[in-house]
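Hi,

Here is the structure I promised to pass on. Have a look at it first, and then read my notes below.

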Amino acid sequence: MILPLNLRQAAFSAGGREIIAALSLEIGAGPNTVILGANGAGKSVLMRLMHGLLEPTAGEVAWSDGDQRRARRQQAMVFQRPVMLRRSARANVLFALQAAGVATAEREHRADEALREVGLLHLAHRPARVLSGGEQQRLALARAWALHPEVLFLDEPTASLDPSATREIETVIKAFDASGTKIVMATHNLGQARRLGDEVIYLHQGRVLERAPVETFFKQPASPEAAAFIKGELPWA
Amino acid sequence: MQGFTYDLLESLRLVATLDLRLWEIVGLSLAVSLSAVAAATLLGLPLGAALAVGGFPGRRAVIVALNALMGLPPVVVGLVVYLLLSRAGPLGSLGLLFTPGAMVIAQTLLILPIVAALCRQAVEDAWREYEEQLRSLGVEGLPAALTLIWDIRFSLVTAVLAGLGRACAEVGAVMIVGGNIDGVTRVMTTTIALETSKGDLPLALGLGVVLIAIVLALNAAADVVKVSAQRRVG
């Protein structure tokens, strides 16, 4: 177990601008965590700090398992725009398994299982780069699935997809949840936050303004900023 | 004009009836340049990729130096290799001077910066796109560099072809370290230089036509392979 993840006064600034202000946060196993916030609130940077792609400029980000390598192998991240290698869909999953040090004999089985899970087994031998945007994002999820991560980070995974592709992605995310993987997802899509989230962390200008169960957050946002965000995002409500 | 037309027709006749001796010259040219391209590719691609993904102090300076070295004058490379390989030089005991081996070494040094510098730029552009994904998967350093080289291999064909063009076209380096010895180190470009100075323009021009045709054929073949492979893997 690498959870819980603890951010202790973790901050990040770049070019003299503070993007994440010294924040302390514990992410434990259990409920799906949705990081909500407007564009520029620092969601992506926070995700990258947690996943270890960025080093905090102050404070620390620590998994309960102090071994960096082991912690890295228990997590996966799916980005807003998937990056696929110029090889088949299946080879992309195999590449991830190889990088994670999975034994050769086990790789093929796990790759096919993951592709079946996201409904891409019939396209396994297609070049990954010719797949549609939605298919590529499902392939990114398959690549994460094959790794059997304890924690899955999702950074706006459907922001550039159409509604039907978005539904497919959300189905796979629910399957991850059902399999016991801890989901940490950044989004600015309120509908998606409600559908997939158990708790909301509301980020505003690099600060955590609220952390609450989804229902509470949407019914009674505690901060005026969150209330305005919910209203602004749902003008018809 | 009269003279040029005559020389051209005569050169084409010579090409059509290319004798064995000329074929040897063409064969040696290809053997030397292709060997140099192979060596420069094996060394230059990893070097360029490592420069692209690596971070170390003085990296920008190395990149600037490498880019500048693309403009190395062949005669200077020839001179340096000559000094290294001459009997009194540090590598004189190898006895390589005035052999095809020396020519391969000189051309490899000449085109290594071209292959490495063009590869560095291509891999660096790709790294910007792939970096987060690869690091997320735990792929960094040398494995990342090799993954990128393989993934953008079609773009890197251009870097290798630039090296090939340079190797086939240069005369200064092979002239100095090879010595243009008939039957041993005489290649197309040195023959063209020699025949021109002797006044045998049709032969010089004929060899020029052969040289251009070969380079064109190699580029066309590379393009066919590239396009068909690209269609397969997307």
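**Where two helices meet in chain B**

In chain B, the residues B:L45, B:P46, B:A49, B:A50 and B:V53 of α2(B) are in contact with B:A144, B:A145, B:L148 and B:I149 of α6(B). What kinds of residues make up this contact? There are 9 nonpolar ones, with no polar and no charged residues. Keep in mind as you read that this is a predicted model.

Two packed helices are described by the angle between their axes and the distance between the axes. Here, the axes of α2(B), which covers residues 20–53, and α6(B) come within 9 Å and cross at roughly 115°. The crossing is right-handed.

**One residue in α6(B)**

Helix α6 of chain B runs over residues 141–151, and B:L146 is part of it. Is B:L146 buried, exposed or partly exposed? It counts as partly exposed, because it has 15 C-beta neighbours inside 10 Å, while a buried residue needs 20 or more. From B:L146 to B:L84 is 62 residues in sequence and 32 Å in space, C-alpha to C-alpha.

**Over to α4(B)**

Helix α4 of chain B (residues 74–85) has 12 residues and reaches 16 Å from first C-alpha to last, close to the 16 Å expected. Its buried residues are B:P74, B:V77, B:G78, B:V81, B:Y82 and B:L85. They sit on the same side of α4(B), because they cover an arc of only 135° around the axis. An α-helix has 3.6 residues a turn, so residues three or four places apart point the same way. Among what covers the buried residues of α4(B) are α5 (100–136) and α8 (172–178) of chain B.

Cheers

Note on methods:
Residues numbered from 1 in each chain as written. Chains lettered and ligands numbered in written order. Predicted model: local features only at pLDDT ≥ 70, side-chain atom pairs only at ≥ 80, totals over all residues. Helix = DSSP H or I, 4+ residues; strand = E, 2+ residues; numbered from the N terminus. Buried ≥ 20, exposed ≤ 12 C-beta atoms within 10 Å, placed from the backbone. Expected span 1.5 Å × (residues − 1). Arc of directions from axis to C-beta. Contact = placed C-beta atoms within 7 Å. Axes fitted to C-alpha atoms, helices over the stretch in contact; angles between N-to-C directions. Left-handed = near helix turned anticlockwise from the far one by under 90°. Nonpolar A, V, L, I, M, F, W, Y, C, P; charged D, E, K, R; others polar.
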